[in-house]
Amino acid sequence: MTDRDAVPFDLASMRKQYRAEGLSETELAATPVEQFARWFKQAATDGGLFEPNAMVVSTADAEGRPSARTVLLKHFDEQGFVFYTNYDSRKARDLGENPYVSLLFPWHPMARQVIVTGVARRTGRDETAAYFRTRPHGSQLGAWASAQSSVIATRADIDGAYAELATRYPEGEQVPVPPNWGGFRVAPQTVEFWQGRENRLHDRLRYTERSDGSWRVERLSP
Ligand SMILES: Cc1cc2nc3c(=O)[nH]c(=O)nc-3n(C[C@H](O)[C@H](O)[C@H](O)COP(=O)(O)O)c2cc1C
């Protein structure tokens with residue numbers, strides 16, 4: 001790598017002026033999930049986003065060491081935000097030791113982000129099975145083939161495992177739900193809606209759950 005390759009862009013001068021309309025307290029929905037539903041609909045219809053349901057899930061292990069990765073949101077309702085993964089993965093091991101989690105939706109083309117903090121719990125087996133059956137056959141096999149987050153020697157190892165599974169469960173045959181695969185539901189405790197504004201004077205409105213289950217809204221300085 002030459003020096004020129006190392007700095008392909010002038011990152012310090014890369015900045016956009018956000019002209020989007022603001023977000024005010026009066027227009028917010030009663031619950032953060034309702035507000036999320038409004039923004040998600042906009043993100044999914046005219047947000048110019050490739051995968052609006054892609055979110056960054058941050059976890060920390062028992063010692064507080066953080067890690068983050070992208071996953072797909074597969075369901076949300078007043079109970080929380082659901083994603084599916086391997087229960088032996090690094091993120092799932094973290095959540096087993098420390099259920100506090102953060103979800104971040106980076107909706108850059110809309111100059112928006114939503115940040116959820118909360119507590120993750122595994123979904124029930126019935127809910128997991130119902131979702132697993134909606135996945136394409138290949139993705140169902142992929143869930144079996146991958147011991148997610150473990151070190152493997154070569155690409156051929158995983159391709160071989162997949163080919164074996166494809167012979168055992170040809171297209172059209174029902175694939176059982178892997179025992180170490182399933183969902184996490186993140187019950188929100190805070191949800192911040194961030195709207196980029198001009199001159200870096202962004203709007204940030206954060207819902208925080210009260211002990212009686214109702215929500216307090218506060219404005220944060222950008
Ligand atoms: C756009 C995108 C979507 C992804 N969706 C998922 C997902 O829904 N579930 C999942 O387990 N991994 C998903 N991944 C892979 C994760 O980012 C990650 O590599 C994997 O879950 C292992 O993470 P871990 O070792 O930290 O547990 C996705 C990656 C990208 C880039």
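This tour visits a strand with its two partners, then a pair of helices.

The model is predicted: local features need pLDDT of at least 70, side-chain atom pairs count only at pLDDT 80 or more, and totals for chains, interfaces and linings use all residues. Residues are numbered from 1 along each chain as its sequence is written.

**Stop 1: strand β1.** Select residues 54-60. Strands are DSSP runs of E, at least two residues, and helices are runs of H or I, at least four, numbered from the N terminus. Side chains alternate here. Met55, Val57 and Thr59 point to one face and are buried (20 or more other C-beta atoms, placed from the backbone, within 10 Å of a residue's own).

**Stop 2: the partners.** Strands pair if DSSP finds at least two bridges between them. Find threonine 59: its partner in β2 is serine 67. β1 and β2 form a hairpin with five residues between them. In the turn, glycine 64 has a positive phi of about 85°. Now select β5, residues 100-107, joined to β1 by three bridges, also antiparallel. Serine 58 pairs with serine 102 in β5.

**Stop 3: two helices.** Select α5 (residues 137-145) and α6 (residues 155-168). They pack at about 125°, with axes 9 Å apart. Axes are lines fitted to C-alpha atoms, for helices over the stretch in contact, and angles run from 0 to 180 degrees between N-to-C directions. Which residues of α5 meet α6? Leu141, Gly142, Trp144 and Ala145 do, against Ile158, Ala161, Tyr162, Leu165 and Ala166 (contact means C-beta atoms, placed from the backbone, within 7 Å).

Terms used
Two residues are in contact if their C-beta atoms, placed from the backbone, lie within 7 Å. A residue is buried if 20 or more other C-beta atoms lie within 10 Å of its own, exposed if 12 or fewer, and partly exposed in between; C-beta atoms are placed from the backbone.
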